[in-house]
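Grab a pencil and have a look at the model below. Try each exercise yourself before you read its solution.

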Amino acid sequence: MKSVVVNNISKRYGSKKAVTTALRGISFEVDKGELFGIIGPDGAGKTSLFRILTTLLLAEEGTATVDGLDVVKAYKAIRQRVGYMPGRFSLYQDLTVKENLDFFATIFNTSVEENYDLIKDIYSQIEPFKDRKAGKLSGGMKQKLALSCALIHRPSVLFLDEPTTGVDAVSRKEFWEMLRKLKEQQITILVSTPYMDEASLCDKVALIQSGKILSIDTPEGVVRSFGKKIIAVKSSNMLNLLADLKKTELLEDAYPFGEYHHAVLKNESNEHELKNYLQQKGYPFEIKGTDPNIEDCFMALMKN
Amino acid sequence: MFILLGMPVVQIIIFGFALTNEVKNSKIAILDPSKDAATTSLIAQMEASRYFEVDQVIHSAEEIEPIFKKGKIKLAVIFPANFNEDLQHFNKAQVQLIADASDPNVANTLTNYATAVIMDYQNRITSDRKLPYTINTEMRMLYNPELKGAYNFVPGVMAMVLLLVCTMMTAITIVREKEMGTMEIMLVSPMKPFRIVIAKAVPYLLLSSVNIASILLLSVFVLDVPINGSLVLLVFESLLFTLVSLALGLLISSKAESQQTAMFISLVALFLPTVMLSGFMFPVENMPLPLRTVSNIVPAKWYYSIVKSVMIKGIGLHAVWKETLILMGMLVFFLGLAIKNFKIRLA
């Protein structure tokens with residue numbers, strides 16, 4: 001059985017005069033125990049989608065099931081078995097770490113001891129601060145606490161809405177490691193993120209923009225389907241270089257990528273011509289071929 | 001915009017016309033065993049003034065107490081037998097004025113007006129005589145002989161405090177959960193939404209009980225306001241009113257999206273009407289009909305009148321059952337509306 005099935009979901013906000021369409025006919029399926037990433041920029045509709053799946057919002061069109069249960073009709077049953085971590089830190093700031101955990105265990109009719117093995121790895125990291133108020137924790141620790149609270153009732157599906165936004169790089173890495181471990185417990189995880197580099201850590205990713213899904217595939221599949229040659233270029237004056245790269249007809253696209261600019265060649269055999277073009281500009285530069293990664297694929301998909 | 005421009009208009013009208021401490025057309029009772037020329041013309045004069053309206057004529061002194069307890073009349077004018085004879089033979093007569101002083105301001109005003117009318121009559125009949133007539137007025141302030149202001153404001157403060165604590169605080173804390181995002185997580189849990197709301201309301205019910213106790217203790221031991229009626233009844237009515245306030249708070253919380261909105265609605269829609277229309281500051285009887293009609297939907301008006309009856313006048317449930325029923329009806333109505341409006345989802 002599929003863990004999550006979304007079928008042609010559309011969501012609009014606002015009255016007749018000013019309608020904002022958050023989701024336009026989205027469909028996808030998530031297998032049990034899969035780590036499914038929903039990647040997209042701010043305002044793409046990620047939060048709306050999560051709220052529909054966690055029964056907090058009603059979609060205008062389409063149907064969706066979580067654990068085989070309809071999100072509209074069986075909302076009560078779904079609320080028993082999903083874990084949800086909203087994008088904004090939503091625990092009680094004036095309760096301590098331990099009090100928050102106990103509180104959420106109680107409202108889910110369970111106890112911290114009962115499912116401690118599930119959250120042990122995560123909670124043990126914040127346990128030294130268990131008497132600190134949740135509002136006084138650092139961003140990374142808040143996320144760990146929120147994840148512990150979302151897991152305390154051993155949910156079958158976990159919804160994480162932008163869990164790594166506003167968290168430092170080290171904590172982000174740790175967070176994804178925790179998610180991989182949770183996967184071993186057969187918990188289906190849906191995670192949304194605006195960071196494309198996190199896509200490769202998922203089993204499957206859906207790229208979403210302006211309420212539409214651009215592609216759904218495994219990270220490897222996304223890369224394989226790219227089929228274009230990418231050149232990395234570096235120079236002392238990166239700004240001029242980018243401007244020059246954007247001018248030439250040889251390239252499909254050019255964009256900054258870390259310390260290099262990535263140039264997508266229209267034709268694989270054009271690498272030499274690009275070198276000549278840049279030499280005419282008369283500044284030193286460094287050029288090398290590189291393999292496309294998932295970000296390159298998304299840049300290309302979003303451009304079309 | 002409407003508030004900015006409409007507010008002064010509404011206020012001028014309300015303060016200018018409706019909320020006056022002046023007393024008009026107050027219902028009075030007359031006990032007149034002598035029924036002679038003097039009393040008849042004196043009664044006619046009283047009725048001719050715009051302050052008084054004779055509501056009933058009674059025939060014995062025993063009837064006075066019950067009609068005051070019913071709260072129908074504000075003042076009783078009692079003439080002795082042989083009023084005119086006394087006046088003619090001894091040039092001296094007595095009139096007794098009994099006022100319902102559970103509202104000391106009104107009682108004071110009324111007795112002053114009545115005395116003025118009587119003096120006026122006395123001067124008129126004396127004008128062509130050498131030996132002057134004297135009509136002595138003897139006043140009795142029922143329920144509140146010392147005309148203490150506390151008798152008036154203790155019930156009013158009780159209504160206000162309970163309303164503020166219950167309605168405003170309940171509304172604000174629930175809306176706060178929405179603002180903080182904690183409501184979002186709570187909804188995605190097996191907790192029934194209704195249980196969340198009840199859990200938010202119970203602490204304020206307890207707090208209010210403490211408030212009721214402290215107000216009552218202070219008024220009895222510090223302000224010397226006695227509890228003349230049954231304490232159990234008073235506490236029961238107060239709890240009833242507290243529940244009505246809680247239901248109103250829940251209703252506001254289901255509509256308001258931010259703490260400011262919740263506070264604004266509580267203040268404008270509840271606090272102001274409570275102060276102005278409950279009868280606590282300004283007597284409701286003198287307001288024009290539209291305002292009197294509006295005052296009927298202000299729960300505090302009914303609670304205020306119950307507390308006054310039970311605490312100051314010392315009367316039992318038989319006299320306040322109507323008000324109690326109205327409060328119960330309001331409780332059912334507002335609670336039903338609040339539950340119906342409670343959102344099980346975010347939007």
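This is a predicted model: local features need pLDDT of at least 70, side-chain atom pairs count only at pLDDT 80 or more; totals for chains, interfaces and linings use all residues.

**Exercise 1.** Work out which domains chain B is divided into, and describe the side of domain 1 of chain B that touches domain 2 of chain B.

*Solution.* 
- Start with the bounds: domain 1 of chain B covers 17-142, and domain 2 covers 150-341.
- Next, the contact: 16 residues of domain 1 of chain B meet 15 residues of domain 2 of chain B.
- Now look for the elements on the domain 1 side. Helix H1 (2-18), helix H3 (64-70) and helix H5 (104-126) of chain B each give at least two residues to it. H5(B) has the largest share, with three residues.
- Finish with the classes: this side of domain 1 of chain B has six nonpolar, five polar and five charged residues.

**Exercise 2.** Find out how many residues of chain A are in contact with chain B, and which elements of chain A give two or more of them.

*Solution.* 
- Count first: 17 residues of chain A touch 13 residues of chain B.
- On the chain A side, helix H2 (75-81) and strand S6 (82-85) are the elements that give two or more residues.
- Sorted by class, the chain A side comes out as nine nonpolar, five polar and three charged.

**Exercise 3.** Are helices H12(B) and H13(B) roughly parallel or roughly antiparallel?

*Solution.* 
- Take the axes of H12 (residues 299-313) and H13 (residues 317-341) of chain B: they come within 10 Å and cross at roughly 150°.
- Angles over 145 degrees count as roughly antiparallel, so H12(B) is roughly antiparallel to H13(B).
- As for handedness, the crossing of H12(B) and H13(B) is left-handed.
- Who makes the contact? Among the residues are Trp302(B) and Ile306(B) from H12(B), and Val320(B) and Leu327(B) from H13(B).
- In this contact of H12(B) with H13(B), 10 residues are nonpolar, three polar and one charged.

**Exercise 4.** Trace the order of the strands in the six-strand open sheet of chain A, then find what lies across S3 and S8.

*Solution.* 
- Reading across the sheet, the order is S6-S7-S8-S3-S9-S10 (chain A), with mixed pairing.
- S6 and strand S10 (212-217) of chain A are the edge strands, each pairing on one side only. From one strand to the next, the twist averages 15°.
- Zoom in on S3 (residues 35-39) and S8 (residues 188-193) of chain A: they run parallel, joined by five bridges. In one pairing, Gly37(A) has Val191(A) in S8(A) as its bridge partner.
- Helix H6 (residues 169-183) of chain A lies across S3 and S8, at about 160° to S8(A).

Technical notes: Residues are numbered from 1 along each chain as its sequence is written. Chains are lettered from A and ligands numbered from 1 in the order in which they are written. Domain bounds come from an automatic or database domain assignment. Two residues are in contact if their C-beta atoms, placed from the backbone, lie within 7 Å. Helices (H or I, at least four residues) and strands (E, at least two) are DSSP runs, numbered from the N terminus. Ala, Val, Leu, Ile, Met, Phe, Trp, Tyr, Cys and Pro count as nonpolar, Asp, Glu, Lys and Arg as charged, and the others, Gly among them, as polar. Axes are lines fitted to C-alpha atoms, for helices over the stretch in contact, and angles run from 0 to 180 degrees between N-to-C directions. Angles under 35 degrees count as roughly parallel, over 145 as roughly antiparallel, 65 to 115 as roughly perpendicular and the rest as oblique. A crossing is left-handed if the near helix is turned anticlockwise from the far one by less than a right angle, and right-handed if clockwise. Two strands pair if DSSP finds at least two bridges between them.
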